[in-house]
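Please look over the model below before reading my comments.

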Amino acid sequence: MTSPLVFVKDLVKTFEVQKKAPGLMGAVKGLFSSETVTLTAVDGVSFSLARGEMVGYIGPNGAGKSTTIKMLTGILTPTSGTLEVDGMVPFRDRRTYTRRIGVVFGQRTQLWWDIAVVESFRLLKEIYEISDHDYGLRMKEFDELLEIGRYLDQPVRKLSLGERMRCDLAASLLHAPPLLFLDEPTIGLDVVAKANVRAFLAEVNRTLETTVILTTHDLDDIEELCQRVLLIDHGKLLYDGPISGLRDRYLPEVRIRFDLKDSALSGKRLEISGIEAENLGQNRFQVVVDLRKMASADVIREVVNRYPVVDLSVFEPDIEEVVGRIYKDHGRALPGAPVSERPATQVRASSIRRG
Amino acid sequence: MRPYLAFARASFLNLLAYRARYFVGILTYFFNVTVWYYIWKALFSEVPPGGTLGGFTFPEMLTYVATGWVLRSFYFNEIDREIAVQVQEGRMAMALIKPVDYQAMTIVQSLGESVFRAGFFAAPIALVLLAVYPVSLPASPSAALLCGVSGILSALLVAAINFCVGLIAIRTYSILGFLRAKYMVLELLSGLLIPPAFFPEKVRPVLDWLPFLHMNFTPGRIYLGLVSGRAALEVLALQAFWVVALLFLGQVLWRRTARHIESMGG
Amino acid sequence: MKEVRRHARLLGLYFSQYAKARLEHRVDFFTSVFASFAGTAASFSVVLLLFSRFPHLGGWTFPEIVFLYGFSLVPFGLFNVVSPNLYEFSGRYLTEGRFDRILLRPVSPLFQILFESFRLESLQEVVTGTLAVVWAVRRLPDVSMAGLWLLPLWAVFGAVIYVSIFAILTALGFWIEDRIGIAPPVFNLMSFGRYPLTIYDLKVRVLLSSVIPFAFASFYPTVLALRKAEFIPFFAVVPFVSAASLLLAVFLWRVGVQKYGSTGS
């Protein structure tokens, strides 16, 4: 097995924050002295990524997501812990390291605002010392995949958000970095633009074997692109594994919805396997099945045997719902829930239950 | 009045937050007076002892310079820069939906700043200057009083000017460059650096017909007692006239700008 | 050496890109040049109005004073061309978070801050200053040719001193939380160096030649051309002061970036 591209162990980041006393007297006092409090933004995070992986890094606002990304990209130094990417320590080796990564912030462009996009690319070509040959090759490739050729002569400020994002993606990959960080790459984009961006990322990941770390609020991005998610809250890594595992662990339930032929039952209370069915009206009922207690097949069988069912469908909770539940519960795993298969998470799990 | 006071208080607290700038700021005013102290000392060494330059003796000139800079530390504000930045960053639409007159809000805010500056800049700077240089006290109690009134009018005048300048600066690409040029031009035309007597005969009348001398020269010469009694009141009236005129100009410019912003959507 | 060449090429590219974008709005550009010139003219007027009346100031003749003031505009103008971002560093880059993007590029952060944007219209000051020097030279009976020939180079050293001092002040933004920073007040102090040092007494001379070495940027470079014998040793020191202040600036920026890395602000 090859060594991981990204290796993170017990990563901690704390900040000293100035305490500002309120009011006029506080402000006068602030002229002469200041007090600080310590905040822990990232609290013992460990994981590693293999080359070519595409992972989603998710968590609510203020969870420590962007602090982790800033450490991974070499903007911030860790307070403690080990951090190694591609054989380098990001902050220490920053100047060399930045040549090996690409970064896209969805909210802020890396292109120069007032000059034509192609001029920005030329600047980046010099900054990253890309040879004419490679530059030509990649520009051609990106034009094929992203169709950016049309915008190259326009200044960035005249582009739409979607057009700008495509140019930003191309700019971040111009120097062919083996590792790409994406922060909210689809924020504010319409459905078509989102699909374009996702298709491009999947393509890049497949053909160039670029490792991608994606933070996003749009969980569709993750579902479509990532085989693996890392979930962080209150600075701690709560989950590390496939999306399906997230469901099994935090919201192991399905909803069985069925329509009945006989309207005579429509006003009644129905009980299946000890669970009360919710009456949705118009002869439609729904049962929520806790998968830790019973199998959905048993419930379906009982429904079909006992009632005149016309139609029946099974819904898994969607990922938004799962994550919403996790944020609400602060990541308390349900007792008896299957635990993710990655050892890193098990280590963390012990410290989670306190929360 | 209540909302305006809240704004004034906010800008007050904001200023206090910047302690580094505070201490260095005081030092800067001291340095500025120091440069001019040496320049005038060198110039006066070329005239016979007790002689005058531009109608000022050396102690008078020194006092004029000191009051000028103390006054500047009082009336100084950056509303022009703030306005311009607000528009360029597209935040001006927020100002348009507040239920207060934008010009009034801005001017009151700058006056709030001036009240703060009176206590935290002008007073300590004045004390330092009095201690270090042979600066004289006001010529008479009435000179002190009238100079106080004139100083307040200066602050209003500068706020009114800067409001207009901000609205003009919006139209230029490099706002800071434009504003820096403004400082240099106004330092010359206000009489802060040199009293108007040093200007060529032909330029003097032009200066008298511009509002800028009322920023510095007017309160300065009242302080020195070079103008007093009825004449002083006339000068104050003229100064007040310019305040009103420039506030009016600002209102006109603002109406235009607001219409422009509304049509551009921020 | 390779890195130096690369940075020189980048500087040229940054500059030409910026100039291209700027000249797209030609009317606005010329308005800015005009405004900038009005400012320079105003401050020059002060000197002309005051000193044209006197044969001497601190032992300097009027043409000598014009020479000094004119020359001081050259390093000052060069400094102004590259300083706009320095001036806005705390607010634009630290508070608004643009500095993260700077750190993600394999180029020195200070280099990027200095050369990502220019105040092109300040080249006007270089031209105006040069014209003033030419005017003065034609009225001066005895000017050292060697001093004149070295003047352009010394102007660059002077500009480096200005840039370094403000880069140092800007670096303090890493420690002091203040949107505007303390650069603006110090900016006002540059006017000290534009008058003959002989008018000041010893403590001011020492201040301008040590803690805030503005005298090395604008005053001392002129003394060889003007044959001010007592100051000529200082003329020779200018390149060293320039190098030392640059090194200090680069060093403080390194430490500042470290500090930013550990506090994120």
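My points follow in numbered form.

1. This is a predicted model: local features need pLDDT of at least 70, side-chain atom pairs count only at pLDDT 80 or more, and totals for chains, interfaces and linings use all residues. Residues are numbered from 1 along each chain as its sequence is written, while chains are lettered from A and ligands numbered from 1 in the order written.

2. Chain C puts 17 residues in contact with 24 residues of chain A (contact: C-beta atoms, placed from the backbone, within 7 Å). On the chain C side, H1 (2–23), H6 (99–103) and H13 (232–263) each give two or more residues (helices are DSSP runs of H or I, at least four residues, numbered from the N terminus). H1(C) has the largest share, six residues.

3. The largest nonpolar core has 237 residues. A core joins buried Ala, Val, Leu, Ile, Met, Phe, Trp, Tyr and Cys through C-beta atoms within 7 Å; buried means 20 or more other C-beta atoms within 10 Å of the residue's own. Trp40(B), Leu157(B) and Ala160(B) have the most contacts inside this core. H7(B), residues 141–169, gives the most to it, 16 residues.

4. Leaving aside neighbours within four places in sequence, Trp40(B) contacts Phe58(B), Met61(B), Leu62(B) and Val65(B).

5. The axes of H3(B), residues 58–75, and H7(B) come within 9 Å and cross at roughly 55° (axes are lines fitted to C-alpha atoms over the stretch in contact; angles run from 0 to 180 degrees between N-to-C directions). H3(B) meets H7(B) through Leu71(B), Phe74(B) and Tyr75(B), against Gly151(B), Ser154(B), Ala155(B) and Val158(B).

Key:
Two residues are in contact if their C-beta atoms, placed from the backbone, lie within 7 Å. A residue is buried if 20 or more other C-beta atoms lie within 10 Å of its own, exposed if 12 or fewer, and partly exposed in between; C-beta atoms are placed from the backbone.
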